[in-house]
Amino acid sequence: MTKITKTSSGQFCWTELATQDWQGAKQFYTELFGWGADDQPIGEDMYYTMLQLDGLEVGAMYQMDDERLKNKMPSHWLNYVAVESVDATVEKAKELGAELVAGPHDVGDAGRMAIFHEPEGALFAIWQAGVHCGVKVRDEAGSMCWQELASKNAQKSRDFYGELFGWQFEIEDMDGMAYTLFTKDGKQVAGMLEMTAEWGDMPAHWMTYFEVTNCDNMLERVEELGGKVCVPATDIKNVGRFSVITDPQGGFFSIIQSQK
């Protein structure tokens with residue numbers, strides 16, 4: 001397992017869960033993935049829990065505040081993209097039509113951040129590293145390995161992220177569906193699919209994928225722990241076997257057994 005010490009600009013560097021039930025979510029995810037949990041105080045009876053795989057950080061979670069609970073905001077994973085300058089990226093994102101949700105602000109000496117709704121509505125964050133570079137391990141079983149955008153308008157999303165982060169793209173046919181692969185400096189960054197009428201009124205969103213060694217066995221464990229399987233284990237040619245899951249608190253994520 002290789003420890004990550006820096007994430008290049010334009011690459012996803014962090015993922016965190018805002019949950020309606022911090023204790024319940026912590027129990028679910030630590031038992032499902034075998035994660036350790038380091039609870040760091042951030043206020044009265046409030047904690048930012050660093051999730052760890054063999055002592056290396058793979059993400060975090062925290063309890064949503066009373067206002068968000070009152071507004072019935074669903075539990076959700078938020079993905080962060082590494083940038084050289086949060087402030088410069090904020091100005092550019094606003095020029096491109098994004099709505100600033102929070103920030104920009106410093107998180108102690110860890111780094112500087114901001115959160116947006118992009119023009120099609122998907123929530124994402126940016127991170128300018130200080131002493132905290134982001135995840136210390138990825139692409140290993142039990143860590144994040146992919147981010148995927150479900151967009152209402154694929155072309156507008158390609159234009160937005162291309163302008164904001166310098167992402168390039170290529171389009172592949174995936175079982176009859178046009179699938180966008182975003183790249184930066186020749187390295188794959190993320191994927192994107194365009195939502196159809198079958199998605200109903202579900203908003204555009206980013207999906208977090210976690211690597212697993214056996215997709216089917218993990219789904220059995222998900223149900224034992226009170227989660228729900230939204231999309232059953234499905235094979236993707238030349239990619240792997242994946243599933244979409246909702247945790248007991250309503251947060252959704254995906255797992256994938258990558259084809260090696």
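## Basis

The model is predicted: local features need pLDDT of at least 70, side-chain atom pairs count only at pLDDT 80 or more, and totals for chains, interfaces and linings use all residues. Residues are numbered from 1 along each chain as its sequence is written, and side-chain values use heavy atoms, with hydrogens and water left out.

## Helix α1

Helix α1 spans residues 22–33. Helices (H or I, at least four residues) and strands (E, at least two) are DSSP runs, numbered from the N terminus. The twelve residues of α1 reach 16 Å from first C-alpha to last, close to the 16 Å expected at 1.5 Å a residue. The expected span is 1.5 Å times one less than the number of residues.

Nine of the twelve residues are buried, so α1 is largely enclosed by the rest of the structure. Buried means under 20% relative accessible area, exposed over 50%, and partly exposed in between (1.4 Å probe, protein chains only). The buried residues are W22, G24, A25, K26, F28, Y29, T30, L32 and F33. Just after α1 comes G34, with a positive phi of about 75 degrees.

## Salt bridges

The count of salt bridges comes to eleven. A salt bridge here is a side-chain nitrogen of Lys or Arg within 4 Å of a carboxyl oxygen of Asp or Glu. K94 pairs with E91, with the closest N and O atoms 3.5 Å apart. The two sit three residues apart in helix α3 (residues 86–95), so about one helical turn separates them. An α-helix has 3.6 residues a turn, so residues three or four places apart point the same way. K94 is partly exposed at 39%, and E91 is partly exposed at 42%.

R241 and D216 meet in another salt bridge, at 2.8 Å from N to O. R241 lies in strand β15 (residues 240–246) and D216 in helix α5 (residues 215–224), so the pair ties together parts 25 residues apart in sequence. Relative accessibility is 22% for R241 and 33% for D216. R138 bridges to D139, with the closest N and O atoms 3.4 Å apart. Both partners are partly exposed, R138 at 22% and D139 at 41%. E31, R221 and E224 are linked in a network of salt bridges.

## A negative patch

E170, E172, D173 and D175 gather in a patch of negative charge on the surface. Patch residues have over 30% relative accessible area and no salt bridge, and like charges are joined within 9 Å. D175 is found in the loop between β10 (168–174) and β11 (177–184). At 66% relative accessibility, D175 is exposed.

## Backbone angles

Most residues other than glycine have a negative phi, and most peptide bonds are trans. A cis peptide bond joins G103 and P104, with omega about 0 degrees. P104 belongs to strand β6 (residues 99–107).

K72 is not a glycine, yet its phi is positive, near 60 degrees. K72 lies in the loop between α2 (66–70) and β5 (76–82). It is exposed, at 70% relative accessible area. N238 is not a glycine either, and has a positive phi of about 65 degrees. Its place is the loop between β14 (228–236) and β15. N238 is exposed, with a relative accessible area of 61%.

Note on methods: Patch = residues over 30% accessible without salt bridge, like charges linked within 9 Å, V, L, I, M, F, W, Y side chains within 5 Å. Areas by Shrake-Rupley, 256 points an atom, 1.4 Å probe, with all protein chains shown as cover. Lys, Arg positive; Asp, Glu negative; His and termini not counted. Charge placed at Lys NZ, Arg CZ, Asp CG, Glu CD.
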